[in-house]
Amino acid sequence: MRTLAGRYQLEQRIGMGGMSEVWRAHDIVLDRPVAVKLMSPAHRGEETSVERIRTEARSAARLVHPNVAGVHDFGTSTTLPGREMPYIVMELVEGETLAAHLRAGPLDWRIAVRVCAEVAAALAAAHAHGIVHRDVKPANVMLTPSGAKVLDFGIATPAGARDHSPDGMVVGTPAYLAPEQFDRQPATPAADMYAVGVLLYYCLTRRLPYAAGTTATQLVGARRKITAEPLPPIVGLPPEVVDLCRRCLDDDPHQRPSSLVAALELAEVVDARVYVPMLSSVPRPRVAAMSPWTEQAATEATEAVAPWTERATTEATEAVALHDRSRTGSL
């Protein structure tokens with residue numbers, strides 16, 4: 001078995017993608033199972049790729065949240081002379097991906113709403129730190145006994161950063177990209193929220209909210225020309241979920257709800273508890289603030305999402321007020 005840095009003993013490959021592969025490994029120092037993501041080695045002339053991946057790993061490591069797979073370490077391994085292969089050591093999440101679960105058909109609407117509430121809560125933590133995931137999809141959501149976990153911040157980027165990928169290359173999974181991403185606009189939390197809308201739609205119906213071809217090229221071409229379809233009738237599905245899905249799929253990013261609001265509204269529908277960043281001006285009668293978060297962290301979170309904070313706070317306040325009125329029977 002291969003060992004990285006004299007510490008991480010690779011045991012079994014458990015996942016593979018175009019630019020990386022994931023291994024089940026054992027941390028010899030701390031005697032615990034971990035997941036090690038091996039990135040494709042940098043080509044000559046790509047000296048910045050290792051530093052870029054290191055920066056992404058540091059960003060993901062700041063996210064301490066029950067619905068986010070934690071990042072433990074970063075390192076490099078020499079594969080060929082002058083070539084380094086970066087790797088990221090992550091929490092080993094036991095469970096089944098949402099993609100695998102959905103092969104059997106759409107989820108019961110209550111389960112779908114709860115899963116998407118937890119995904120939105122994970123994104124709220126990321127957005128509070130100024131991080132945009134950019135690849136929210138069923139394959140990057142793991143269903144565990146303790147709830148959903150969002151995986152793979154491998155192409156995450158700071159909010160507002162421009163796409164530096166080669167011309168013609170779209171970063172992310174075409175089916176879940178927001179319209180503005182096809183025009184290579186700067187990454188924003190609103191792009192993640194469009195993906196949440198697609199995710200919710202797919203969990204409820206097991207189909208995408210637009211007709212598209214089978215290849216990525218056909219899908220990209222279709223996405224540039226059509227808008228998302230409304231949810232079909234689903235027995236028992238509350239209208240507020242239908243409305244939230246519609247708002248997430250709005251072509252105008254400014255009309256989409258924030259991740260904080262989406263987490264609150266979806267959790268309220270199924271009477272669930274979610275963990276979201278603390279905003280001191282928002283009362284939270286049904287939201288549990290994460291214990292590791294301090295007032296200083298809350299202040300930093302508010303500053304990190306400055307363009308969104310005022311609107312998100314207003315929307316969250318309205319959402320909680322709606323909750324209060326429904327509890328007291330004043331609706």
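# A first walk through the chain

Trainee: Where do I start? What share of the contacts in the chain with a separation of 6 or more comes from residues 24 or more positions apart?
Mentor: Those residues account for 60% of such contacts. Keep in mind that this is a predicted model.

Trainee: How many helices and strands does the chain have?
Mentor: The secondary structure comes to 10 helices and 11 strands. Of the 331 residues, 49% count as buried.

Trainee: And the confidence? What is the mean pLDDT of the chain?
Mentor: The mean is 78. A pLDDT of 70 or more is reached by 69% of the residues.

Trainee: Where does pLDDT stay under 50?
Mentor: One such stretch is residues 280-310, where the model has 55 contacts beyond four places in sequence. Residues 323-331 also stay under 50, with 11 contacts of that kind.

Trainee: OK, on to the strands. How do strand 1 and strand 2 pair?
Mentor: Strand 1 is residues 3-4 and strand 2 is residues 8-16. They pair in the antiparallel sense over two bridges. Leu4 stands opposite Tyr8 in strand 2.

Trainee: What sits between the strands of that hairpin?
Mentor: Three residues. In this hairpin, Ala5 takes a positive phi near 55 degrees.

Trainee: How many bridges join strand 2 to strand 3?
Mentor: Seven, and the two strands run antiparallel. Strand 3 covers residues 20-27. There, His26 is the bridge partner of Gln9.

Trainee: What holds paired strands in a sheet together?
Mentor: Strands of a sheet pair through backbone hydrogen bonds, either parallel or antiparallel.

Trainee: Next, strand 4. Which residue there does UniProt list for "binding site"?
Mentor: Lys37, in an unreviewed entry. Lys37 lies in strand 4, which covers residues 32-39.

Trainee: Is Lys37 buried or exposed?
Mentor: Lys37 counts as buried, because its relative accessibility is 6%.

Trainee: How does strand 4 pair with strand 6?
Mentor: In the antiparallel sense, over five bridges. Ala35 stands opposite Met90 in strand 6.

Trainee: Why is strand 6 described as largely enclosed?
Mentor: Seven of its nine residues are buried, so strand 6 (residues 83-91) is largely enclosed by the rest of the structure.

Trainee: New topic. What is the order of the open sheet of three strands?
Mentor: The order is 7-9-10, with antiparallel pairing. Strand 7 (96-97) and strand 10 (147-150) stand at the edges. Each has a single partner strand, so one side of each is left without a neighbour in the sheet.

Trainee: How many bridges are there between strand 9 and strand 10?
Mentor: Four, and the pairing is antiparallel. Strand 9 is residues 141-144. Thr144 has Gly147 in strand 10 as its bridge partner.

Trainee: Which helix packs on that sheet?
Mentor: Helix 3, residues 109-128. This helix touches strand 9 and strand 10. Its direction makes about 40 degrees with that of strand 10.

Trainee: What about Arg134? Where is that residue found?
Mentor: Arg134 is in the loop between strand 8 (131-132) and strand 9. It has a positive phi of about 75 degrees although it is not a glycine. At 17% relative accessibility, Arg134 counts as buried.

Trainee: Now helix 5. How far apart are its end C-alpha atoms?
Mentor: They are 25 Å apart. At 1.5 Å a residue, the 17 residues of helix 5 (residues 189-205) should span 24 Å, which agrees.

Trainee: How many residues of helix 5 are buried?
Mentor: 16 of the 17, so helix 5 is largely enclosed by the rest of the structure.

Trainee: What comes just after helix 5?
Mentor: Arg206, with a positive phi of about 60 degrees. Arg206 lies in the loop between helix 5 and helix 6. At 36% relative accessibility, Arg206 counts as partly exposed.

Trainee: And Tyr210? Where is its place?
Mentor: Tyr210 is in the loop between helix 5 and helix 6 (216-223). Tyr210 counts as buried, because its relative accessibility is 5%.

Trainee: How far apart are Tyr210 and Glu229 in sequence and in space?
Mentor: In sequence they are 19 residues apart. In space they are 5.8 Å apart, C-alpha to C-alpha.

Definitions and conventions
Residues numbered from 1 in each chain as written. Predicted model: local features only at pLDDT ≥ 70, side-chain atom pairs only at ≥ 80, totals over all residues. Heavy atoms only, no water. Expected span 1.5 Å × (residues − 1). Buried < 20%, exposed > 50% of the residue type's maximum accessible area, 1.4 Å probe, protein only. pLDDT = per-residue confidence, 0-100. Contact = heavy atoms within 4.5 Å. UniProt positions renumbered as here; feature names shortened; annotations may be inferred. Pairing = 2+ DSSP bridges. Axes fitted to C-alpha atoms, helices over the stretch in contact; angles between N-to-C directions.
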